[in-house]
Amino acid sequence: MKQHDCDVAIVGAGFAGMHLIYRLRQLGFSVRCFDKASGVGGTWYWNRYPGARCDIESVQYSYQFDDALQQDWNWTERYATQPEILKYANHVADRFDLQRDITFDCGIASAHYDEAGQCWGLRDATGCLARARYCIMATGCLSVPNRPEIKGLERFAGPVYHTGTWPHERIDFTGLRVAVIGTGSSAIQSIPHIARKAAGLTVFQRTANYAIPAHNGPLDPERLKTIKAGYGDMRARAKTTYGGIDAVYNTEPALEATPAEREAEYERRWQAGGLTFLGAYGDLMLSKQANDTAADFVRAKIRQTVKDPAVADRLCPANIIGGKRLCVDIGYFETYNLDHVSLIDLNQHPIEEITETAIRAGGKDIAIDCLVIATGFDAMTGALMNIDIRGRGEALLQNKWANGPIAYLGLAIAGFPNLFTVTGPGSPSVLTNMLPTIEQHVEWICACLAAMRERGHTVVEADGKAEAAWTDHVRDISAPALKSTTGSWYLGSNVPGKPAVFMPYLGGLPAYIEKCQDVVANGYEGFSFSAG
Ligand code: NAP
């Protein structure tokens, strides 16, 4: 394998890695990007399960760094499908000739900092691949599948698919008895599609989830034209909202509205569809009592939709709405009205084991032909902890983060000079529209590298003190928040043994952007620089 000597090594060729290549090249840095996939797209390369699509409107879940790109590209639906998003990623790669700087089918196993040489050495399983002054981890927040440990799973004779590493070929469920384990976003999107083909579908649910209808449909060309005419303004407005989505977020408290007013507002948002349902009132994620009003509304909708009251009961979440990431669905709850679809509550009937031909739960064998595992990801830290990353003094990141991530702004880590993370823990990332959030990180990192070059600096490192203060701040604001009271992948509670730490920054995108800007305005406060 060829060794690449370059200014910047990038791990990951998803939307973050692709934008990094583009911007760094523009600034005159030499780059080499590595990805274990055979193509660009990151999460959209891997998550090919039936029904996979974006839960943020595509006109907003798209790049804004190049106006001609956003003017030229035409999304066809309100929420783009996975194939369309992957096509978009490939279009961007072709348009800006990004592939020539990417090594595909290459999973980075280690990244070690060479203090004397002031550079990073990256290796895959076969040997040294790159030496670079800087290393940028664009490894994604939801890129390492969480695989459940279930007795007998390896014995099962039929095919087993994980939604996060779905095969490239079309899987035909026609006439098969299928089981799905998990009821998060991936399951909620795929279950209606699988049910349409399968002879029988059994869903194994550990925690019921809230889902708001997508009301997806073709994008009206006239609407697209209007959006494009005002794209810049829309993007600017989005940056002023908590989650980086241009939508109306009310600030008034739910508890000050009358029940009739609340019902009307929730109904209006239910009919509009999508994640911004939670923007109905300003206190929904602050007060349990307020949250209950929205949760009750959605539970009532589930009961209206699902005909069997016992099944509806099982599908009604007991926890707060928005604690786990809200799901957006197309016909999910209706699917349980089909005679060949059944729901098993794992709290009442835990899986005892999997045999060659069945799942044994609650003392009963449910015969299946294939198994779909929709158990999500080792989120936010999984991809970084899976790489042997060593900083100064060969210190291991895995040791530093053994009790949870410690990072400055989710961008840099003390003791790991010249290493950056895109949308790392401690940044708003997964609580926001990821594309603009990625772009904000890419722009910040690239501006930092350009400023260093101008000043003759060759090493940058986050200060331990600034890092500790930011990590404390991230923890302090999440402690009283309703969101941190629900077990979720934000907290790592979906992965057995993972420390329970609320990982993303809950202060919102505008506050975070301001902090990043202040850091720069104050001479890169919290970072130290030196010259070789
Ligand atoms: P997820 O939200 O973490 O859901 C995983 C599901 O599997 C949960 O129902 C979980 O139950 C269950 N589970 C986990 N381990 C289990 C075990 N050992 N036994 C039984 N059940 C188990 O994962 P996901 O659905 O893949 O979604 C993850 C995130 O990816 C989403 O929140 C979203 O941010 C993103 N995503 C987005 C879209 C989109 O619409 N654009 C689509 C898919 C994914 P518990 O809740 O009890 O842990």
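1. Helix H14 and helix H16 (residues 509-521) pack at an angle of about 5°, with 12 Å between their axes, where axes are lines fitted to C-alpha atoms, for helices over the stretch in contact, and angles run from 0 to 180 degrees between N-to-C directions. H14 is therefore roughly parallel to H16, given that angles under 35 degrees count as roughly parallel, over 145 as roughly antiparallel, 65 to 115 as roughly perpendicular and the rest as oblique. On the H14 side the contact is made by Thr437, Gln440, His441 and Trp444, and on the H16 side by Leu509, Tyr512, Ile513, Cys516, Val519 and Val520; contact here means heavy atoms within 4.5 Å. By class, these residues comprise seven nonpolar, three polar and no charged ones, with Ala, Val, Leu, Ile, Met, Phe, Trp, Tyr, Cys and Pro counted as nonpolar, Asp, Glu, Lys and Arg as charged, and the others, Gly among them, as polar.

2. A word on the basis of these values. This is a predicted model, in which local features need pLDDT of at least 70 and side-chain atom pairs count only at pLDDT 80 or more, while totals for chains, interfaces and linings use all residues. Residues are numbered from 1 along each chain as its sequence is written, and side-chain values use heavy atoms, with hydrogens and water left out. Helices (H or I, at least four residues) and strands (E, at least two) are DSSP runs, numbered from the N terminus.

3. H14 (residues 434-455) also meets helix H1 (residues 15-26), the two axes coming within 10 Å and crossing at roughly 35°. The crossing of H1 and H14 is right-handed; a crossing is left-handed if the near helix is turned anticlockwise from the far one by less than a right angle, and right-handed if clockwise. From H1, the residues Phe15, Ala16, His19, Leu20, Arg23 and Leu24 touch Leu435, Ile438, Glu439, Val442, Glu443, Cys446 and Leu449 of H14. The contact of H1 with H14 has nine nonpolar, one polar and three charged residues.

4. A further helix pair is H8 (residues 259-272) with H9 (residues 288-305), whose axes come within 11 Å and cross at roughly 55°. H8 and H9 are therefore oblique to each other, and H8 passes H9 in a right-handed crossing. Arg262, Glu263, Tyr266, Glu267 and Trp270 in H8 face a set in H9 made up of Ala290, Thr293, Ala294, Phe297, Val298 and Lys301, with which they are in contact. The residues of the contact of H8 with H9 divide into six nonpolar, one polar and four charged.

5. Turning to the sheets, five strands form an open sheet in the order S7-S16-S8-S9-S12, with parallel pairing; two strands pair if DSSP finds at least two bridges between them. Strand S7 (160-162) and strand S12 (341-345) stand at the edges with a single partner strand each, so one side of each is left without a neighbour in the sheet. Neighbouring strands of this sheet are turned by 20° against each other on average, direction ignored. Within it, strand S8 (residues 177-181) and strand S16 (residues 370-373) run parallel and are joined by four bridges, and Val180 stands opposite Val372 in S16.

6. A second open sheet has three strands in the order S13-S14-S15, and its pairing is antiparallel. Strand S13 (351-354) and strand S15 (364-367) are the edge strands, each pairing on one side only, and the twist averages 25° from one strand to the next. S13 and S14 pair over three bridges and form a hairpin with three residues between them; in S14, Ile359 is the bridge partner of Ile354.

7. Strand S14 (residues 358-361) pairs with S15 in the antiparallel sense over four bridges. Ala361 has Lys364 in S15 as its bridge partner, and Arg360 stands opposite Asp365 in S15. The hairpin of S14 and S15 has two residues between the strands, and in this hairpin Gly362 takes a positive phi near 55°.

8. At the level of domains, the assignment gives domain 1 (4-144 + 378-523) and domain 2 (153-373), with bounds that come from an automatic or database domain assignment. The C-alpha centres of domain 1 and domain 2 lie 27 Å apart, and the contact takes 47 residues from domain 1 and 55 residues from domain 2.
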